[in-house]
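Dear colleague,

Please find the structure below, handed over for your work. My findings follow it.

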Amino acid sequence: MSDESTTARLIEEWTTGLGRESGAAKLLPANWNEKCPGCGKELEEWRCADCVKKYGPHLYKAMCDPFDYAIGLKNGIVIRTVGECVEICGEWVKINGLDEGTTLPFACPRGIQILLSEIAWVADAPHGS
Ligand SMILES: [Zn+2]
């Protein structure tokens with residue numbers, strides 16, 4: 001179990017590089033630093049600490065930085081998405097584009113929605129960057 005200071009440190013470390021000062025900023029949605037993609041509240045800083053804690057730093061980053069992510073489900077299926085942000089809708093996460101490395105039996109060109117509760121892990125840049 002981690003205490004609050006450990007949690008705060010991990011949020012800071014795991015989201016380093018996200019933000020308007022980073023090189024990735026030009027890829028981010030125009031409104032990303034004004035409204036949180038998780039809860040919709042107006043942001044006073046570039047990330048919403050509550051939602052980073054709720055969704056985890058990598059999934060939160062995937063919500064606002066269209067980079068390269070792998071998402072592992074509890075049933076062993078792996079979903080890889082590159083170049084598009086994931087979207088949160090209640091208990092669901094919508095993944096808009098599936099890329100090489102996805103282990104679903106279908107191409108799912110319109111994306112896929114999965115239950116947040118079925119996500120076992122999320123990796124940012126699974127092959128490195
Ligand atoms: Zn939020």
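Cys-108 lies in the loop between strand S4 (92-95) and strand S5 (112-115); strands are DSSP runs of E with at least two residues, and helices are runs of H or I with at least four, both numbered from the N terminus. This is a predicted model, in which local features need pLDDT of at least 70 and side-chain atom pairs count only at pLDDT 80 or more, while totals for chains, interfaces and linings use all residues. Residues are numbered from 1 along each chain as its sequence is written.

Although Cys-108 is not a glycine, its phi is positive, at about 50 degrees. Cys-108 has 14 other C-beta atoms within 10 Å and is therefore partly exposed (buried means 20 or more such atoms, exposed 12 or fewer, partly exposed in between, with C-beta atoms placed from the backbone).

Ala-125, in the segment after S6, is also a residue other than glycine with a positive phi, near 55 degrees. Ala-125 is partly exposed, with 13 other C-beta atoms within 10 Å.

Regarding the sheet, 3 strands form an open, antiparallel arrangement in the order S2-S1-S6 (strands pair if DSSP finds at least two bridges between them). Strand S2 (78-82) and strand S6 (119-124) each have a single partner strand, so one side of each edge strand lacks a neighbour in the sheet.

S1 (residues 68-73) and S6 run antiparallel and are joined by 5 bridges. Ala-70 has Ala-123 in S6 as its bridge partner.

Kind regards
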